[in-house]
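Here are my notes for someone opening this one for the first time. Have a look at the picture, then follow the points in order.

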Amino acid sequence: MGELIVNELPKWIVVSLWLIINVAIFLATFFSYQSSAEYFYLRLIVGNALCVARASAACLNFNCLLVLLPVCRNFVGFIKGACVRCHRVRRQFDRQITYHKYTAYMICLQTAIHISAHCFDFERMITAYDNPDKSIQAVSNLPTTPNGTWVNPVRNPSTDATREAVSTVSGVSGIIITLCLILILSSSAETIRQWYFELFWYMHHLFIIFFIGLGIHGIQQIIHKQTNISSHNPENCYKKFDQWDSIKECPIPQFSGSPPQSWIWILIPVIIFIIERIVRFVRSFQKVVITKVVKHPSNVYELQMQKKGFYAEPGQYVFLHCPSISQLEWHPFTLTSAPGEDHISVHIRRAGDWTEELAKKCHVDEEEFQEAWKLPKIAIDGPYGTATEDFFRFDIAVLIASGIGVTPFASVLRYISHKYSNKRNELQLKNVHLYWVCPSTSSFEWLQDLLISLEMQMAQIGKADFLTHNIYLTSGWDFDQAKNIFLHDNSERDVVTGLQQKTHYGRPQWNKVFSDLANAHKGMKIGVFFCGSKELSTKLHRHCNENSSESTGTRFYYNKENF
């Protein structure tokens, strides 16, 4: 199986290529406008601010083309599926949210540049009527005619920049889309997304107004270019402004608006996004029945559901929608059920208004059995792929989770259990290592039965070493519990979990963990899959790089859950 995994295409190569394309677009557009005779008179008035504004606009168009595509999950899944043999490319789609964020940051940067350049533009257009250079005054005072023969869009020299900005379609739409961008960006902070997901969700849907505003931003065509260059060479005639239309080689310069370009760039991604939404909308009408609600410790509850024709790979996730809570909101949850089971299950932590309200409607805190008709109507969109679904492509799989982040790996473990219960097991994995950092003893109770079952199953088929699980308890025990643990340290099973492999207390020493993995699996391809905090993700990624060795052939491949 090892030969299927080739060296990973580093993220920095993809990001560098994207940055180079942005720089190339900016410079190419800048110098194109700087050298174009069509915009000579407009440059005469505003200088290189025109070139900067148009260059940043070109970069904005390019990045607005890209920003929607990573969140079109069905589209990404289709492309990822088509790249089943192109592993270097395929793995990049697991970083879709990261690339979406980078593109959004670039949009913010180019927007700031674009606004700054236009501030200079308008100020110079207003002062052009009093400019000491008489040629600038002359070209600014060209009369307005039905065919739009003017180059300075500021027709009233006594106005100010603010009033001029709000009197044009470009100005109003620019202000609106900038405000949308500020709200979208400010509500995308990790804290807000985690604890006020509804705010994040609603603010993000301002992108609809953003794209409408972007599409009509240039519809007024206030950026004018010269149309009679063949008969009026601006470089030869601009100093002869007092002889315009008097001499044959310098007729009055004629101008017309530049047609808008943004809608061309965003048309295809918008169409793809609309198709994506239609697919999701159709899925939302497929019947879903909640068959069981289970309350677990640590503010976690489990929903078991059934949906006709539903199939998911291990580690995938779905979006849940409860119309009685909100007609618009969809929330992502990792599937904890495995292919082959007769139900779909998700484990949900009560964190935020939506998950708390869903718990109430599902009567989580009520002990008696609830009839199906008493439970709320649920819609499911998905499943969608994550990095975890590729775990079987590696020689060794290392699953690392913190807290509720273990949910995608529950599906993986159940999948392994089903595969090994079938004599025709096709898994090529040699070993699976699970590392789970838990805040308290109650955190892992809901997964305890599955781990015990797997231990027994692997022992029965002579593969007791196939699965190793290392549970790290970071808090939640007192002196009496610690004393009891110490007294039973030599017991066959762990006194806390009931598992054969003992619980660790405190946090893992990751440098030692990765060093031991590298020594134990020399020359193998080791897939590391993580679901948890960003801070720990950065540390684990660094350990993967540090412990990969070309001399021994040991290679760690880091994968983080993003949804």
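Predicted model: local features only at pLDDT ≥ 70, side-chain atom pairs only at ≥ 80, totals over all residues.

1. Let's start inside a sheet: L399 stands opposite F529 in β13. Residues are numbered from 1 along each chain as its sequence is written, and side-chain values use heavy atoms, with hydrogens and water left out.

2. What lies on the other strand joined to F529? In β14, its bridge partner is N559. Strand β14 (residues 555–560) runs parallel to β13, with six bridges joining them. To get from β13 to β14 the chain passes through helix α20 (residues 534–547), and this β-α-β crossover is right-handed (with the strands pointing away from the viewer, the path from the first strand over the helix to the second runs clockwise).

3. Is strand β13 (residues 525–531) mostly covered or uncovered? Covered: seven of its seven residues are buried, meaning under 20% relative accessible area, with exposed over 50% and partly exposed in between (1.4 Å probe, protein chains only). K525, G527, F529 and C531 point one way, while I526, V528 and F530 point the other way. In a regular strand the side chains alternate between the two faces of the sheet.

4. Now the aromatics. The whole structure has 20 aromatic pairs; rings of Phe, Tyr and Trp (its six-membered ring) pair if their centres lie within 6.5 Å, and planes under 30 degrees apart count as stacked, over 60 as edge-to-face and the rest as tilted. One of them is Y41 with F255, edge-to-face at 6.0 Å centre to centre and 80° between the planes. Y41 sits in helix α2 (residues 40–46) and F255 in strand β2 (residues 255–257), so the pair ties together parts that are 214 residues apart in sequence. Both Y41 and F255 are buried. Ring pairs also link F40, Y41, Y238, W244 and F255 into a cluster.

5. Y41 turns up again in the largest nonpolar core, which has 36 residues. Such a core is a set of buried Ala, Val, Leu, Ile, Met, Phe, Trp, Tyr and Cys residues joined through side-chain atoms within 4.5 Å. Among those with the most contacts inside this core are Y41, I45 and W244. Apart from it lies another core, of 26 residues, among them A338, F391, Y415 and L429.

6. I45 deserves a click. Leaving aside neighbours within four places in sequence, I45 is in contact (heavy atoms within 4.5 Å) with R124, M125, A128, I136, V139, S140, V151 and N152.

7. K292 is partly exposed, with a relative accessible area of 45%. Beyond its neighbours within four places in sequence, K292 is in contact with E302, L303 and Q304.

8. Finally, the overall view: the chain has 20 helices and 14 strands, taken as DSSP runs (H or I, at least four residues, for helices; E, at least two, for strands) and numbered from the N terminus. Of its 563 residues, 50% count as buried.

Key: Pairing = 2+ DSSP bridges.
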